[in-house]
Amino acid sequence: MSDSTIRVQNLSVIYNQGKQNEVRSLQEADFTIYPGEYVIFFGPSGCGKSTLLYSVASLQSPTIGDVSVGEKSISMMTKKEKYAYRRMGVGMVFQAFYLISSMNVLDNVCLPRVFLNEDKRVRREAGRQLLRRFGIEGQADKYPGQLSGGQKQRVAIARALVNNPEFILADEPVGNLDSESAQTVLGILKELNERDKKTIILVTHDPNHLAYGDRIFHMKDGRVLREEIRKDKRPPEAVRANEESEESDHTQYMVLSLKSLFISI
Ligand code: ADP
Ligand code: MG
């Protein structure tokens, strides 16, 4: 398995377990995401999409099951390893942008690098380059309040990229945008996948976004119900292993049905 394969095994997240107000946000999720894939989790509000994304980002601990990145289970990571993973391994983009309103655009973008031991000029140049790439270099000295929603989200994407993480996790990133800005932002995410080879995990309730993904996981009531493959970027051995396990499930099912048949006879 490559260093940046994400493996989610039998993952359940249950709030207030055993109490009257127990909520099963996520139940028995089981999937693998391979480097360079663009994966979408799709489903209605409340079906557990954000919970799943935060679990992959190590911001949410499993109640049952496990999330691992490469060979390393997140639950086995030390605090220091977890911080490093959150800061360097994943870039997050949210519906509400979460920019710091008292800091200018360039400082917002550079924020995840402030604590690195490096020359300030190196950091600012990296930030400027990203703003240039996304067509908003002219906004570098402005404050978030002076930007449009689409510009804010491009700033947030630049911030997510400033440490050059392998994964971009986007939680309803165009939920607050007009349709033109939404297309721009979705176009940027697609380009980050195709050109920069970033693994993208997008969460959405909008069926119009599904065309961007390579693999779509359909969710409902905390469960991943089915997987739709549009472009198979998984390594061949993973595809084969999956087919074999499906075959063995099928064989097991046949054996069981035969048994029940004989028993009933
Ligand atoms: P989605 O992102 O698909 O809208 P979420 O992952 O945010 O869904 O939430 C899934 C379910 O878990 C919802 O029923 C939600 O109300 C519940 N939930 C989320 N966070 C908490 C929490 N901290 N405490 C209790 N219930 C929660
Ligand atoms: Mg959500």
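Buried means under 20% relative accessible area, exposed means over 50%, and partly exposed is in between (1.4 Å probe, protein chains only).

**Ground rules.** This is a predicted model, where local features need pLDDT of at least 70, side-chain atom pairs count only at pLDDT 80 or more, and totals for chains, interfaces and linings use all residues. Residues are numbered from 1 along each chain as its sequence is written, chains are lettered from A and ligands numbered from 1 in the order written, and side-chain values use heavy atoms, with hydrogens and water left out.

**The chain.** The C-alpha trace spans about 80 × 40 × 40 Å along its principal axes. Of the 265 residues, 47% count as buried.

**Ligand 1.** I looked up what surrounds ligand 1, taking residues with a heavy atom within 4 Å of it. The shell includes Tyr-15, Val-23, Pro-44 and the run Ser-45, Gly-46, Cys-47, Gly-48, Lys-49, Ser-50 and Thr-51. Helix H1 (49–56) and strand S2 (23–33) each supply at least two shell residues, and H1 gives the most, with 3.

Then I checked polar contacts (N or O pairs within 3.5 Å). A backbone N or O atom of Gly-46 sits 2.6 Å from a ligand 1 oxygen, and one of Gly-48 sits 3.1 Å from a ligand oxygen. Ser-50 brings a polar side-chain atom to 2.9 Å from an oxygen of the ligand.

**Salt bridges.** My rule was a side-chain nitrogen of Lys or Arg within 4 Å of a carboxyl oxygen of Asp or Glu. That gave a count of 18.

- Glu-125 pairs with Arg-132 at 3.7 Å, N to O. Glu-125 is partly exposed at 33% relative accessible area, and Arg-132 is partly exposed at 41%.
- Glu-194 meets Lys-190 at 3.9 Å. Both lie in helix H6 (residues 179–194), 4 residues apart, about one turn. Glu-194 is partly exposed at 42%, whereas Lys-190 counts as buried at 18%.
- Which residue forms a salt bridge with Asp-214? I found Lys-233, with the closest N and O atoms 2.9 Å apart. Asp-214 is in the loop between strands S8 and S9 and Lys-233 in the loop between strand S10 and helix H7, so the pair ties together parts 19 residues apart in sequence. Asp-214 is buried at 2%, while Lys-233 is partly exposed at 27%.
- Arg-133, Glu-191, Arg-195 and Asp-196 are linked in a salt-bridge network.

Technical notes
A polar contact is a pair of N or O atoms within 3.5 Å; within protein, one must be able to donate a hydrogen and the other to accept it, and residues adjacent in sequence count only if both atoms are side-chain atoms.
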